[in-house]
Amino acid sequence: MRRKIPSHSALMAFEAAARHGSFARAADELALTEGAISRQIGRLEAFLGVVLFERIGNRVRLRPNGERYAVQIRETLDRLARDSQYLMGQPSDGASLDIAVLPTFAMRWLIPRLKRFQERHPSITLHLAEKMEPFVLAGSGFDAAIHFEHPAWTGMRTHRLLHEVLVPVCHPTLLDGKDVATALDTLPRLHRRQNPDAWLRYAEESGIMLSNPAIGARYDLHAMLIEATLAGLGVALVPHLYVQSELADGRLVAPWPEGTSVSKTFCLVLPEPIRLSDGPAQAFASWIIHETKTTGPLV
């Protein structure tokens, strides 16, 4: 069925006039005459059967339904512009994938390893976007997601990648002259805002006495916690896989046992099973699954 969509010119004229609150300023922006803007908006109102502007002498003002429509049209035009720029930037002989990923996983694990993927698949471009919460993958514009296991992914194809195991880490200078057995209760403790009871659960699991597990500064991301520990601000519970390099070269130390009570599992989420014809998606899935099986500190 043919879609009933106003002309692009009419929508452009309407959006500019709504944004400026003036036909004259919209005409200047679009290099048209004020009369041309007025005619385009008149055609749009006739097409919709709705009056969008109030004409008050030489002035115009959006009506309530026009205000709502202007917001929607602006979002649509912005999205069209982004999608067009995106497509114009694609190599003619290559392919691309849009991956939604947790931000710290992207910064601390995935991006440092992407050169290996690039070397193996130079014709595939990966675009990464941050997604903190699970979402409906179908129709989202993403080809895949890397996230924690979650009921939201029910009905989609998931592949387990890595198990997140938390470990207390700190800058080595914080332990100078301290007894490791009791230092954890005296050092400033740093928290991830989304896991406010992580230290309490860690104390219960490990048997290490913490007089006030909830006290201490809070940060949104594990990446922030890691930077805070590197700056010597305190001790933080962070995923071991994010700090392998820092532990290996001595920039951070972890003399306490790992904790498993607040651990999660990362997974690759795909909208449907990969077929042999799904070249780019299959290539990325095969690469990251293999990479997680051989993961270790980058060298």
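1. At 0% relative accessibility, Phe266 counts as buried (under 20% relative accessible area; over 50% is exposed and the rest partly exposed, with a 1.4 Å probe and protein chains only). Tyr242 is likewise buried, its relative accessible area being 4%.

2. The model is a predicted one, in which local features need pLDDT of at least 70 and side-chain atom pairs count only at pLDDT 80 or more, while totals for chains, interfaces and linings use all residues. Residues are numbered from 1 along each chain as its sequence is written, and side-chain values use heavy atoms, with hydrogens and water left out.

3. Over the whole structure, the search returns 13 aromatic pairs (Phe, Tyr or six-membered Trp rings with centres within 6.5 Å; planes under 30 degrees apart are stacked, over 60 edge-to-face, the rest tilted). One of them joins Tyr242 to Phe266 in a tilted arrangement, with 6.4 Å from centre to centre and 55° between the planes. This pair brings together distant parts of the chain, since Tyr242 belongs to the loop between strand E9 (235-239) and helix H9 (244-248), whereas Phe266 belongs to strand E10 (residues 259-270), 24 residues apart (helices, H or I, have at least four residues and strands, E, at least two, as DSSP runs numbered from the N terminus). Tyr242 and Phe266 also belong to a cluster linked by ring pairs, together with Phe105, Trp109 and Phe148.

4. The search for cavities of 30 Å³ or more gives two of them (sets of points on a 1 Å grid where a 1.4 Å probe fits but cannot get out, lined by residues with an atom within 4 Å of a point). The largest cavity holds about 100 Å³ of space, and its lining includes Phe105, Phe148, Tyr242 and Phe266, which are joined there by Leu102, Pro103, Thr104, Met132, Glu164, Arg192, Leu221 and His222. Helix H5 (residues 103-120) contributes the most to that lining, with three residues.

5. Setting aside residues up to four places away in sequence, Arg108 touches Arg113, Ile226, Glu227, Tyr242, Val243 and Glu246 (heavy atoms within 4.5 Å).

6. Ser22 is placed in the loop between helix H1 (8-20) and helix H2 (23-30), and its 17% relative accessibility counts as buried. A polar atom of the Ser22 side chain lies 3.2 Å from the backbone nitrogen of Ala24, and beyond the neighbours within four places in sequence, Ser22 is in contact with Ala17 and Val60.

7. Glu258, in the loop between H9 and E10, is partly exposed at a relative accessible area of 42%. Although Glu258 and His240 are 18 residues apart in sequence, their C-alpha atoms are 8.3 Å apart in space.

Key
Polar contact = N/O pair within 3.5 Å; in protein donor to acceptor, adjacent residues only side chain to side chain. 1 Å grid on protein atoms, 1.4 Å probe; cavity = no way out; pocket = protein on both sides within 12 Å on 5 of 7 lines; lining within 4 Å. Points joined across faces, edges and corners; volume = space filled by probe spheres on them.
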